[in-house]
Amino acid sequence: MLAFIVRRIFQAIGVLLAVGIVAFSMFRFAGDPVNQIVSIDTPAAQREEVRRSLGLDDPVPIQFARYLGGAVQGDFGVSYQFRQPVSDLLAERMPATLELAFCATVFAVVFGILMGVYSGLKRDSTLAKLFQTVSLIGISLPTFLIGILLIYLFAVTLGWLPSYGRGDTVRIGWWSTGLLTWTGLLALIMPSITLGLFQMTLIMRIVRAEMMEVLRTDYIKFARARGLTTRAIHFGHALKNTLIPVITIVGLQLGSVIAFSIITETVFQWPGMGLLFVQAVQNVDIPIMAAYLMLVALIFVLINLAVDILYTVVDPRLRSTIRQPA
Amino acid sequence: MTISTQAPSAVQSLPTSRIGRLLDSDIWASFRRSKLTMTAAALTLIFLLAAIFAGILSPQNPFNPAELDLLNSRLPPIWEAEGQAPFLLGTDEQGRDILSAILYGLRISLLVGFLGVAFSATLGISLGLIAGYFGGLADTLIMRVADVQLTFPAILIALLIDGVVKSVLGGNLDATTILSVLVFSIGLSFWVQYARTVRGSVLVEKNKDYVAAARLIGLPAPAILIKHILPNVTGPVLVIATINLALAVITEATLSFLGTGMPETMPSLGTLIRIGNNYLFSGEWWIVAFPGIALAALVLAINLLGDWLRDALNPKLR
């Protein structure tokens, strides 16, 4: 058990190191950092001076160690386009992205479970078939098309919801939140739906399949025989057992939600990390791209690690198989 | 494939021509059974033909400035009061016919999609063959890289590669170079699935007698891999390729929509949607709506075909 966790932690560090090498190579070799700092008519001697002051004439392994050391302490260099430390820019944008990801996940879980339970219980009803169609569309339509469709319906035609930005935000310490103001909440609705739709269809399909399977088992028959109400059986007994795969999916998809917020944030001009990243790609701002890559890698690795460890804690059956890796 | 080169006498009872054999197969029967699949196939075929014959079908060449007239700008579709022939689906800001732009954009989208799939499949199959057949260090190295890459969503990797390649090439790139960069970044973000699948099949195939026989008569490893093992692992690869075609089209459209893909001088469907998105608020809904519908229908049709192919090629589901 302990050996398994230690091995997983070493694997996670390995992945992070590999991503770090990629990020460093981008930072160091894709375009000359000196050119981004000095102007075109700077004399060669002065360029050399800048090069030396940045430590770019040191051996590459030393530079890599320095970059990684800085990254561990939250120093990712200076953005080419904003002339500000990348870590400040990311910290400023992070609350917007995390709030969006959180609301999208809540939306996906609540509606995914409701629709999944309904279509699992009443498989042949018209509404269940409608849900199935919606889920097919949710999986095949590109995210940005869904966003545009929502904007056209609710912002342009009906004028109910704002089409871009976060609305008014309140600062709590360094964290700026849109959850405490009315316009902030309104602004969250459409981006959350756009970002969460894919996860919602995923959860709906899983809950539906699990419900149909669980309702056939003996303990549900026994609960019926005991004379429990239908509601107690469906929600107290059946639903509870469908939730384990849902928790897994929500956990594993959290990283994807943050990565896919790149698209949603662009559609809704949401001032988060994803929009910052897209602007960095458009303007070839390598320090931001490298830092975003490392940050997302860290989030992914931490989530995967947490899910793996939680699994062994929650499900005793897994422990015996882990002891003898196949 | 190599089947048709075999002597027909060995399979006397079966139809001998390739088409005859196809019509007799289970796959064709399952195709005929599903109306949805037939519709999806017809739709895909229409899209393909429309993309190939875009030059003949379009009322105007949307990339020839001489054919554009600013007097025709922002015309609504023909069924609205202000619509004008021959602009069936209306025009955009520059007087460009939307239908023509969609047909030409479809061509770019499908071209990037097909080339991206071809590139990622070639890369993935080659690496999978090498990893599975030779094992050892090559196997460890390739599969480790695959594992790390699989941790990230493909769209993120495509965006990164796109950004890095552009910064290495630098400066103003022409449309053809950007198209190659897109194919390159899509190819590099989708190879993992092919490599893993092919490696798994090769691990099974390489212990079979026909491979041992090929080795005994002294064939070199590349010949054994390409002529003997590869034909036996193509089934699953075909399914992945179909589903990945839809994914590649979506990825290209997304990159173009984000402003890091095809430029406005040579727009794909994604670029058209990005352009149209700017006119959503001034009421010109048709500039974004029709390219959007075209993209959605294309992706849905290819996805349905991929689903069917997966079920049809899986003997357990028959």
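The crossing of H9(A) and H10(A) is right-handed, a term used when the near helix is turned clockwise from the far one by less than a right angle, with anticlockwise giving left-handed. This is a predicted model, in which local features need pLDDT of at least 70 and side-chain atom pairs count only at pLDDT 80 or more, while totals for chains, interfaces and linings use all residues. Residues are numbered from 1 along each chain as its sequence is written, and chains are lettered from A and ligands numbered from 1 in the order in which they are written.

Helix H9 (residues 218-225) and helix H10 (residues 230-267) of chain A pack at about 145 degrees with axes 11 Å apart. Axes are lines fitted to C-alpha atoms over the stretch in contact, and angles run from 0 to 180 degrees between N-to-C directions. Helices are DSSP runs (H or I, at least four residues), as are strands (E, at least two), numbered from the N terminus. From H9(A), A:Ile220, A:Ala223 and A:Arg224 meet A:Ile233, A:His237 and A:Ala238 of H10(A); contact requires C-beta atoms, placed from the backbone, within 7 Å.

The largest nonpolar core has 163 residues, and A:Phe277, A:Met289, A:Ala290 and A:Leu293 touch the most other members. Such a core is a set of buried Ala, Val, Leu, Ile, Met, Phe, Trp, Tyr and Cys residues joined through C-beta atoms within 7 Å; buried means 20 or more other C-beta atoms within 10 Å of the residue's own. Helix H5 (residues 98-134) of chain B gives the most to this core, 19 residues. Leaving out residues up to four places away in sequence, A:Met289 touches residues of chain A, including A:Met26 and A:Phe277, as well as B:Leu160 and B:Gly163.

The contact between the chains takes 28 residues from chain A and 31 residues from chain B. On the side of chain A that touches chain B, H7(A) gives the largest share, six residues.

Chain B has 13 helices and zero strands, and buried residues make up 42% of its 318 residues.

| Part of chain A | Mean pLDDT |
|---|---|
| Chain A | 81 |
| Helix H13 (residues 316-323), lowest | 56 |
| Helix H5 (residues 86-121), highest | 89 |

Over residues 322-326 of chain A, pLDDT stays under 50. Where pLDDT is low, the predicted coordinates should not be read in detail.

Notes:
Contact = placed C-beta atoms within 7 Å. Buried ≥ 20, exposed ≤ 12 C-beta atoms within 10 Å, placed from the backbone. pLDDT = per-residue confidence, 0-100.
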